[in-house]
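Please walk through this protein model one part at a time. The paragraphs below begin with a single residue and then widen the view.

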Amino acid sequence: MGFLTDRNGIPLAYDLFPGNESEKLYLRPIIDRVKDKFSDTRIVIVADRGLNTSDNVYYLNGSNNSDDNPRDGYVYGQSIRGASKDFKQWVLSGGYEVDTITNDEGEDVVFKHKSRIYPKELNITLTTPDGKPKKQKVSVDQKQMVYYSEKYARKQAMDRILMVERAKDLIKHPRNYDRVTCAGSAAYIQNISFNKGTGEVVEGKALVLDQAKIEEEEKFDGYYSIVTSELKLSDYEMR
């Protein structure tokens, strides 16, 4: 279900889509439907990183955005571990501001953050006059924010420890696991593959713990990112 509300949480529209297809494809159709009913509406999509695609970003706020002719907008979660090399280097490069804020439980929490406005390169899909898809690279300004939380760092480290322990057991006892019961631990194992029909681990290859992947993930424990078309909003407002 695609469900849209206004800033007060009042429902505006909804639609139903096939459950076996990617949600990424259905953002634009439901927005078009809302635009048909409310032509003077500016829509800002707030979503997790699942909808953060080049086509959706460009659709919501492409290169024609200006104060005189604003397009729609977005606030998306951004994967750091899956981001570009440049983005990862920026995350680890320092230059953070450190503040203390009080959370909803009345606890003082260290708030570490930084941001930049950066030309985001998008690889978008256009439709040619003869109806065929065509890839094209474009660039749009994007505000990128990164935050650090010690509490989140501890959680990510503990989650990974549990996954790695399961991966070690899988390496020792591959017959005890399949694609489902490994619960994602296979991501930390080199040379692993599964039978497409049964889901069982394919035997015959030496399974090895991917230590390099583990060490790479550790670098980014505690960091999370938000990206937006709303260039004038502060780090505090976006958080």
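Leaving aside its neighbours within four places in sequence, which residues is arginine 160 in contact with? They are Arg81, Tyr188, Ile214, Glu217, Glu218 and Asp221. The model is a predicted one, and in it arginine 160 is placed in helix 4, which covers residues 150-172. Arginine 160 counts as buried because its relative accessibility is 7%, and the cut-off for buried is under 20%.

In one of them, the side chains of lysine 155 and aspartate 159 meet at 2.7 Å, N to O. These two residues are four apart in helix 4, so about one helical turn separates them. Lysine 155 is partly exposed, with a relative accessible area of 48%, and aspartate 159 is partly exposed too, at 35%.

The other pair is lysine 168 and glutamate 165, with 3.6 Å from N to O. Here the residues are three apart in helix 4, which again means a separation of about one helical turn. Lysine 168 counts as partly exposed at 37% relative accessibility, and glutamate 165 counts as partly exposed at 45%. Arginine 160 comes back at this point: salt bridges that share partners join Arg81, Arg160, Lys213, Glu217 and Asp221 into one network.

In the whole structure, a search finds 12 salt bridges. One of them is formed by glutamate 121 and lysine 137, whose closest N and O atoms are 4.0 Å apart. Glutamate 121 belongs to strand 6 (residues 108-127) and lysine 137 to strand 7 (residues 133-148), so this pair ties together parts that are 16 residues apart in sequence. Both glutamate 121 and lysine 137 are exposed.

The surface has a nonpolar side as well. Met1, Phe3, Tyr14 and Leu16 make a nonpolar surface patch of about 500 Å². Tyrosine 14 sits in strand 2, residues 11-15, and is partly exposed, with a relative accessible area of 44%.

Now consider the protein chain as a whole. It has six helices and 10 strands, and its C-alpha trace spans about 60 × 55 × 35 Å along the principal axes. Of its 239 residues, 34% count as buried. The chain exposes about 15,100 Å², and carbon and sulfur atoms supply 49% of that area. Among contacts with a separation of 6 or more, 57% are between residues 24 or more positions apart. Finally, the chain has 36 positive and 38 negative charges, and their mean positions are 5 Å apart.

Note on methods:
Residues are numbered from 1 along each chain as its sequence is written. This is a predicted model: local features need pLDDT of at least 70, side-chain atom pairs count only at pLDDT 80 or more; totals for chains, interfaces and linings use all residues. Side-chain values use heavy atoms; hydrogens and water are left out. Patches are made of residues with over 30% relative accessible area and no salt bridge: like charges are joined within 9 Å, nonpolar side chains (Val, Leu, Ile, Met, Phe, Trp, Tyr) within 5 Å. Accessible areas come from the Shrake-Rupley method with a 1.4 Å probe; for residues, only the protein chains shown count as cover. Buried means under 20% relative accessible area, exposed over 50%, partly exposed in between (1.4 Å probe, protein chains only). Contact means heavy atoms within 4.5 Å. Lys and Arg count as positive and Asp and Glu as negative; His and the chain ends are not counted. The place of a charge is taken as NZ of Lys, CZ of Arg, CG of Asp or CD of Glu.
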